[in-house]
Every structure is written in structure tokens, then in C-alpha cells.
Amino acid sequence: MFKNTSFPRSLLRSAASVAVLAVTALTAFQGSASATSLATPTLTNQASQGWWVGNPIFDSGNLSGAVNPTGFITFKLFGPSDPTCGQAPIFTSRTAVSANAYYASASFTTDTAGTYHWISSYSGDDENNATVPSACGLASATTMVAKRNVTLSGDASDPSGTGVVTNTATLGTGVGPTGPTGTITWSLFGPNNMICSGAPVFTAVSAVRGNGTYTSAPFTLTAPGKYGWKLSYTGDANNNPQSTTCSDPANQVTFAGASNPISPITLTAGPTAVNPGDALTVTWSGVPSPTSWDWIGLYPVGSYNPIAWRYTGGTAGGTTMMTVPATAAPGNYEARLRTTRSGPVTVS
């Protein structure tokens, strides 16, 4: 009853076909798995130029080799105080991806001079691997930001009358986390030293706390002539030094002399009509830095030879008696103290 237990040849052939089909199916499945492996794109950087502090900067990345990419590119910026990119970024920007192309970050406005570094990376998606973040310090991902050139101008006050002068400086376009810092120095040259050579007759210094106007301390001119101010700004970590020139008309003043000095000298003599041998009363005041050698003389008007004189006693003010000589010729006379003259005295 077991003679016919072997399979028919046709059935064996069918089984072999099934085995071949199974192998073929397996081969086809293996080919499909290879087709679904992720692409490995590349991302290259090209950072913008920095120009100078206060201008915006940005980074751009060129994504290539991706298959139907989606996701996003992340741009991270590290400031001048972090040359190794070891601290938290000072700025981060994300840009959505839709194809192999160039993508730019948002802009960042700088407030500090120095070297900035960008690091970028692509997130990847279902068909593409993520990229490794770019290295810190790549030349193509580095932005150099220079110091800012500021504006500086001055405005000299009018010294007419009192001789008191000041100068108001205006500092502009300075930048920094809190604005420009440093100092402004005013140097006054004169009289009649319009090339500003040698030592100034006066200097003043003011600390800078941002853009704006700053006024020098006052100075009182004593000698007539033309004067010129020269202004200098020191600069700081984010702003270049700046100065004005002596030829700037806004910083030049002309002083004719004080018409109302702080301590004017007064001198009077009377009575205004006397005879030879009469007494004359002379009163004075306002003599600056009086000395024991100061004296008052009675002169014929237009002459430099006194007919009488008296010491003042070294006082800034006082009264003295003077006798008109009996030999005095009729005419007009005046009392003189230094360069101040009294009104005329007529001797009959």
C-alpha cells in the first residue's frame, strides 16, 4: 500500500517553480529597500560683509544634493567675545527649505566692532539626512565688522563785551551698546594763532555718554585778536577718533577787547576848574593787582610830562590830594593812572 507514495514529476516541477518565484520575489523586495535609502545633502556657507558697526549682517547657505527637500536651515551667530562659538549664540534664525537652492538668514544689526562667526545646519527630512553643523571659524562664515566713523562739529560763542567764550560740540553717528563713549577735548588757540601751533591758551575736557551736544567750560579772553578752537574725540571700542580743523569758521572768534571789564579802573579829578596853587582831589577804584609803585600824575592834555604826581599807596582804590603847581600854565590837564585818564581839568 506504500508503492505509490512518491510525488508525481509534475508536482515536483510545480514545487520548483514556486521556489524560484519566492527567490524572485525576495530579490525584488531587496531592490525596493535600496531605493528608499536617505540622500546626504551638503550645505555651504557664504556670510555677508560687515562694513562697520551699526550695519546689518546675515548668512546664506547653499543646499545641494537633497531629494525633494523640506525642513529648515538653522543659522546661529556668535559675537566678537566668543571666538570659539562656545557660548550661547547672540542671534538665531531659521529658514524653511523647499528645494536645492540658496537660503539666507534674517539680518542682525551689530552694535559692537570685531569678528563674528556663523554656524549653519540643515534639519533633514523623510528623504534626506541632516547635515552636520558647520565648523566655527570658517572663512566663508566669518563677518568682520569695523569701527564706525563719527561726525564732530563745534560752535563757538561770541566773546563780545565780557570776553567769555565757550564752545558747543555736536557728536553724531556714534554707535555701541549704550552709544559712543570716550571724551571730547576742546583746545583754544590765539590770539592770532590760526594754525593752532604750540600750546593752547585754554583746554577743557568732557566725558561722552552717547550722541548729542557737549559744552566746554567757559574761558575769559584778555587780549584782543582772533582765536580758534580745535575739537578732538578720543574714540572707543566701536567708534574711530575724530577731530575738527582750525580753519573751520564755526570754531573761530574775534575779540576786540572787553567793553565792560569785570573790574574797570575809574579815575576822577576835581574840581574841574582851578587856579595855580589850588588843591585837586583825585579819586580812583578798580585797580587790578595794585602795587606800592602805582602812582597818579597830572599831565597837560597831549603831553607825557606830568606837572605833579602822587603814589596811590598800593591800594585798588582811594582818594589823594594833589596841589596844582604855582607855575602851571593855563590850559587843560588830566590825571592819569596807568592807562586810564580822568576828564580834563582847566587851569586858568
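This is a predicted model: local features need pLDDT of at least 70, side-chain atom pairs count only at pLDDT 80 or more; totals for chains, interfaces and linings use all residues.
Local features need pLDDT of at least 70 and side-chain atom pairs count only at pLDDT 80 or more, while totals for chains, interfaces and linings use all residues. Residues are numbered from 1 along each chain as its sequence is written, and side-chain values use heavy atoms, with hydrogens and water left out.

Disulfides were assigned to pairs of cysteine sulfur atoms within 2.5 Å. The count comes to 2 by this rule. With the bonded cysteines of the protein chain numbered in sequence order, the pairing is 1-2, 3-4.

C85 is joined to C136, with an S to S distance of 2.1 Å. The torsion about this S-S bond is about 70°, so the disulfide is right-handed. C85 lies in the loop between β4 (72-78) and β5, and C136 lies in the loop between β8 (114-122) and β9 (142-145). The pair therefore ties together parts that are 51 residues apart in sequence. Strands, like helices, are DSSP runs numbered from the N terminus; a strand (E) has at least two residues, and a helix (H or I) at least four. Burial was assigned from relative accessible area, with a 1.4 Å probe and protein chains only: buried is under 20%, exposed is over 50%, and partly exposed is in between. C85 is buried at 13% relative accessibility. C136 is partly exposed at 29%.

The other disulfide joins C196 to C246, with S to S at 1.7 Å. Its S-S torsion is -135°, and the link is left-handed. This pair also links distant parts of the chain, 50 residues apart. C196 sits in the loop between β13 (183-189) and β14 (202-207). C246 sits in the loop between β18 (242-243) and β19 (252-255). C196 is buried, with a relative accessible area of 13%. C246 is buried as well, at 11%.

Strands were taken as paired where DSSP finds at least two bridges between them. An open sheet of 3 strands has the order β10-β12-β15, with antiparallel pairing. β10 (151-156) and β15 (212-215) stand at the edges. Each has a single partner strand, so one side of each is left without a neighbour in the sheet. The twist averages 20° from one strand to the next. Angles run from 0 to 180 degrees between N-to-C directions, and axes are lines fitted to C-alpha atoms, for helices over the stretch in contact. β10 and β12 (residues 167-172) run antiparallel and are joined by 6 bridges. A156 has N167 in β12 as its bridge partner.

T95 is found in strand β5 (residues 91-96). This residue is buried, at 16% relative accessibility. A polar atom of the T95 side chain lies 2.9 Å from the backbone oxygen of A104. Contact was defined as heavy atoms within 4.5 Å. Not counting residues up to four places away in sequence, T95 touches G71, F72, I73, F75, Y103, A104 and S105.

Side chains of opposite charge can pair when their charged atoms come close. A salt bridge requires a side-chain nitrogen of Lys or Arg within 4 Å of a carboxyl oxygen of Asp or Glu. A search of the whole structure finds 1 salt bridge. R336 forms a salt bridge with E334, and the closest N and O atoms are 3.0 Å apart. R336 is buried at 10% relative accessibility. E334 is buried, at 7%.

Note on methods: A polar contact is a pair of N or O atoms within 3.5 Å; within protein, one must be able to donate a hydrogen and the other to accept it, and residues adjacent in sequence count only if both atoms are side-chain atoms.
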